[in-house]
There are 2 protein chains.
Amino acid sequence: MLTEIREKILKGTIQVFNKKGLKLTMDDVADELKISKKTIYKEFSGKDEIFETMVDYVFDNIKVREKEILACKDYSTIEKIRLFLSAMPESYRNINFQELYSLKDKYPKVYKKLQKRLETGWEPAFKLLEQGKEEGLIREDADLKIFKIMMEASLERFFEKNVMKGSGRKYNDYLNEVVDILLNGISV
Amino acid sequence: MLTEIREKILKGTIQVFNKKGLKLTMDDVADELKISKKTIYKEFSGKDEIFETMVDYVFDNIKVREKEILACKDYSTIEKIRLFLSAMPESYRNINFQELYSLKDKYPKVYKKLQKRLETGWEPAFKLLEQGKEEGLIREDADLKIFKIMMEASLERFFEKNVMKGSGRKYNDYLNEVVDILLNGISV
DNA sequence: TGGAAACTGAATTTACAAATTTAGTTTCCG
DNA sequence: CGGAAACTAAATTTGTAAATTCAGTTTCCA
């Protein structure tokens, strides 16, 4: 669990991270939160630890939502999959996800954690999809690995550029359409 | 039409381009073809013109294949769409497509041509897809713009990294599965 | 006519020191 | 305790002059 002050610092860091990206400084975060650096350094050993904890924080929030979906007895497998696939990227909206990737070079440890959590984040989705196959809802020959790549590529493309500019579509519309097309694409 | 010597130079340029990327030099191309720079400069005004002609060359080759598909009376609309969508990226295999994008900064004119040809390259596909809607083969409410974005993102992801490493899948398998999922995804 | 090789000016890269920024610490103070 | 602000060593950025590379031309030669 997270103490109040740690959560406050993490939220502030994410706030600044979304504005200034990877280049945020400890002073930026302290200014944003109107606390002194001393307080930050009392809670965190340094920038590395903050970034690492930030990744955990983002993904732990996703997990909460996902557990809710999985636990609900009222949803069919296909409904669960749809909700699950939507929940993943929806949670990413809180943080500049594209920028998160830029941690690769300077914070390889954080980046590895990010990748690992992205990977394990897919596991329950895969389980559901396999279950869908067993229930005859999903094409037996559908390649889930490719499905995953397409999903990731389509979503990241949206994070990259604002693909929707001009068209009246909102983020969630786009997200739903992507999930629809892909899910439809592998359904029987 | 292209003279023999111009085509030879273009092929050689593509060859070197795939090895050395944007950073190829005129000497590289001359060495590759075992001709002297003089010969190249007799045919092309300079590097810019070669790159521009190279883009045209790649896309004109695609067009030939596409015309064949469109003209064939034996194919249904849905078959045409499938073949059409496969033909586009298949043609890109001859050239390092990812690297082509890197022309953006140093050769903005070439890059604009590339974008324009990519854009117009989609037009007949859109026509077919609209026709598919009219024939009741494709969901009336399917968002073709999003479909296009997903297709592009999925394919570019493959050009980026060799996503298929490890898995026994070959390029064409991947391509077909992507087209299958997407086409299935917007079909009724 | 075209290859080999030399040539030139412009562009690009390299190298490196000076200037700036910043992570993390310390001091003083209420 | 925690804020404000100063401090230091290390990292990053900036400026720039020297070195290198390269596009495009020219010369000589077969």
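Which residues of H9(A) are buried? They are Ile146(A), Phe147(A), Ile149(A), Met150(A), Met151(A), Ala153(A), Ser154(A), Leu155(A) and Phe158(A), where a buried residue has 20 or more other C-beta atoms within 10 Å of its own, an exposed one 12 or fewer, and a partly exposed one a number in between, with C-beta atoms placed from the backbone. This is a predicted model, in which local features need pLDDT of at least 70 and side-chain atom pairs count only at pLDDT 80 or more, while totals for chains, interfaces and linings use all residues. Residues are numbered from 1 along each chain as its sequence is written, and chains are lettered from A and ligands numbered from 1 in the order in which they are written.

**Chain A as a whole**

- Chain A has ten helices and zero strands; here helices (H or I, at least four residues) and strands (E, at least two) are DSSP runs, numbered from the N terminus.
- Reading along the sequence of chain A gives the pattern α-α-α-α-α-α-α-α-α-α.
- A box of roughly 60 × 40 × 30 Å, taken along the principal axes, is filled by the C-alpha atoms of chain A.
- Of the 188 residues in chain A, 29% are buried.
- Two residues are in contact if their C-beta atoms, placed from the backbone, lie within 7 Å.
- Take the contacts in chain A between residues at least 6 apart in sequence: 69% of them join residues at least 24 apart.

**A look at helix H9 of chain A**

- The 17 residues of H9(A) should span 24 Å at 1.5 Å a residue, and this agrees with its end C-alpha atoms, which are 24 Å apart; the expected span is 1.5 Å times one less than the number of residues.
- The cover over the buried residues of H9(A) includes helix H5 (77–92) and H10 of chain A, together with helix H9 (144–160) and helix H10 (171–186) of chain B.

**Where the two chains meet**

- On chain A, 19 residues are in contact with 19 residues of chain B.
- Helix H9 (144–160) and helix H10 (171–186) of chain A each supply at least two residues of the side that touches chain B.
- That side of chain A has eleven nonpolar, four polar and four charged residues; Ala, Val, Leu, Ile, Met, Phe, Trp, Tyr, Cys and Pro count as nonpolar, Asp, Glu, Lys and Arg as charged, and the others, Gly among them, as polar.

**How the copies are related**

**Around the DNA**

- DNA strand D is surrounded by 14 residues, and the closest are Thr39(A), Thr25(B), Met26(B), Gly46(B) and Lys47(B); a residue is near a molecule or strand if its C-beta atom, placed from the backbone, lies within 6 Å of it.
- Two or more residues of the surface near DNA strand D come from each of helix H3 (37–43) of chain A, helix H2 (26–33) of chain B and helix H3 (37–43) of chain B.
- H3(A) gives the most to the surface near DNA strand D, with four residues.
- Sorted by class, the surface near DNA strand D has three nonpolar, four polar and seven charged residues.
- Around DNA strand C there are also 14 residues, of which Thr25(A), Met26(A), Gly46(A), Lys47(A) and Thr39(B) come nearest.
- For the surface near DNA strand C, H3(B) provides the largest share, four residues.
- Three nonpolar, four polar and seven charged residues form the surface near DNA strand C.

- Lys34(A) has a phi near 55°, a positive value in a residue other than glycine.
- You will find Lys34(A) in the loop between H2 and H3 of chain A, and it counts as exposed because it has 7 C-beta neighbours inside 10 Å.
- Ser187(B) lies in the segment after H10 of chain B and counts as partly exposed, with 15 C-beta neighbours inside 10 Å.
- Ser187(B) and Ile78(B) are 109 residues apart along the chain, yet their C-alpha atoms are separated by 9.4 Å.
- Not counting residues up to four places away in sequence, Ser187(B) touches Leu137(B), Ile138(B) and Arg139(B).
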